[in-house]
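Trainee: Could you take a close look with me at one part of this model, the salt bridges, and then walk outward from there? I would enjoy one connected account.

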Amino acid sequence: MFRNVRILKLSRLSWTGLSSFSLSRYSSTAAAPHVALPLTGFRVVDLTRVLAGPYATQILADLGAEVIKVEHVTRGDDTRHWGPPFAKSLTDPDSRGESAYFLSVNRNKKSLGLNFKEKRGQNILKSLIGTSDVVIENYLPGTLAKYDLGYEQLKNDRIIYASITGYGQTGPYRNRAGYDVMVEAEMGLMHITGEADGAPVKVGVAVTDITTGLYAANSIMAAIISRSRTGLGQYIDIALSDCQVAALANVASSCLISGEPDAGRLGTSHASICPYQAFPTKDGSIMIGAANDRLYGLMCQLLNKEEWIVEERFSTNALRVKHRGDLVPMIVEETKKKTTAEWLDLFEGSGIPYAAINDIQATLNHPHVLARNMIAVVEHPTCGPLKLVNTPIKYSAAMPTIRDAPPTLGQHTDEILKKLGYSGKEIDILRVEQVIG
């Protein structure tokens, strides 16, 4: 178990390596009162792979749950093979190492390598579930029932069983495989993403998977609260398609209320607010968001164009949206006169919403990101020190953090089976016969 974590503490505004910062080593509660994490004592059997499910269970693990990730006995989670990049193994030079993708969503978990297509593997899994609070899986509807592992076969008064699928347990698409980008396309997100004169594009991260993971984690925690009142667990049907429709938010509401088609792709701008978008500078771009009349007036003052405040065409947000084609080019003409850094300095402390447009390295090196302890260094069992994104959750008492590095395949198999009552000899036989890994 690797429970000690090094958290980067801000010591300068930019960095390129570990030497740029002092690193402090502490346990999950050293910097806070000795209060248990909220989900301490709950056990989650994680039968999910790739992103949506692992993202959900990583949240539960960050909050203190014991999450046991059940993986294919030899291959493990699909994302173990998704790369490059891979974190280089220090213990096996011939190994490919650990994929950055897998490392991103599997901290604070235990790994059990298990072949549950085999009867003995099913028995192990049933025993494990019998001692657990939550089961979460993301197989096609009916798949686990073939191995006597579906909700109807496993349910008892207390089990919370969550299924994540592309299109849910019901409906005409229920048997379709659901990948994030397909659901983005099918459920409207891709249509409204991209530049106005360009083709539809996917979001830069698998946002439908992430949204689904967030809904799944919230639903599971709510079911735990419900069980504390009623004594009863329940089944949770979570679909990427449902979560994506829900995440259309105000865009879907606009179409429902108006009965009209959506506004289409708007790039960085907003259908209902103007100005609210990226503007070119002398050497790059900057985001400006004048979301109400006061902020619009403040922007005009900062651009040294106070006469725009009283211009009839731009006197209200509704009029600014109507005359977007006039106003935006006028702003562009002004923003091109200074560099991004000059505009950032001018806007600093003004009260107007603004932002630089950073790439990912600039984001990870951002002084605010570092000051918020969003980058951590964890000791991995085979790869040594690894920089990982930390949990964003910050309580006033218990402190979620990276207690354990993402596990190697089957790292905790022996530990888990021994707790279930298997002897060392029985474990050795099961491993030789590839029931466990």
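Mentor: Let us start with E66 and R43, whose side chains meet in a salt bridge with an N to O distance of 2.8 Å. E66 sits in strand β4, which spans residues 66–71, while R43 belongs to strand β3, residues 43–47, so this pair ties together parts that are 23 residues apart in sequence. R43 counts as buried because its relative accessibility is 17%, and the cut-off for that word is under 20%. Please keep in mind that this is a predicted model, and that side-chain atom pairs count only at pLDDT 80 or more.

Now let us set that pair beside others. The count of salt bridges comes to 22. One of them joins K155 and E152, at 3.3 Å from N to O. Here K155 is partly exposed, with a relative accessible area of 43%, and E152 counts as exposed at 57%. Another links E334 with K337, where the closest N and O atoms are 3.2 Å apart. E334 is buried, its relative accessible area being 9%. Beyond individual pairs, salt bridges that share partners join R43, E66, K110, E415 and K419 into one network, so the pair we began with belongs to it.

From charged pairs we can turn to a nonpolar part of the surface. Y179, V181 and M182 make a nonpolar patch of about 290 Å². Within this trio, V181 is placed in helix α5, which covers residues 180–186. V181 is partly exposed, at a relative accessible area of 30%.

Last, let us look at empty space. In general, rolling a probe the size of a water molecule over the atoms shows where such space is left. The second largest pocket holds about 490 Å³. Its lining has 21 residues, and those closest to the centre of the pocket are V251, G264, L266, S269 and A271. Helix α8, residues 249–258, gives the most to this lining, with 5 residues. By residue class, the lining of the second largest pocket divides into 9 nonpolar, 11 polar and 1 charged.

Conventions:
Residues are numbered from 1 along each chain as its sequence is written. This is a predicted model: local features need pLDDT of at least 70, side-chain atom pairs count only at pLDDT 80 or more; totals for chains, interfaces and linings use all residues. Side-chain values use heavy atoms; hydrogens and water are left out. Patches are made of residues with over 30% relative accessible area and no salt bridge: like charges are joined within 9 Å, nonpolar side chains (Val, Leu, Ile, Met, Phe, Trp, Tyr) within 5 Å. Accessible areas come from the Shrake-Rupley method with a 1.4 Å probe; for residues, only the protein chains shown count as cover. A salt bridge is a side-chain nitrogen of Lys or Arg within 4 Å of a carboxyl oxygen of Asp or Glu. Helices (H or I, at least four residues) and strands (E, at least two) are DSSP runs, numbered from the N terminus. Buried means under 20% relative accessible area, exposed over 50%, partly exposed in between (1.4 Å probe, protein chains only). On a 1 Å grid over the protein atoms alone, a cavity is a set of points where a 1.4 Å probe fits but cannot get out, and a pocket is an open set with protein on both sides within 12 Å along at least five of seven lines; lining residues have an atom within 4 Å of a point. Grid points are joined across faces, edges and corners, and a volume is the space filled by probe spheres set on the points. Ala, Val, Leu, Ile, Met, Phe, Trp, Tyr, Cys and Pro count as nonpolar, Asp, Glu, Lys and Arg as charged, and the others, Gly among them, as polar.
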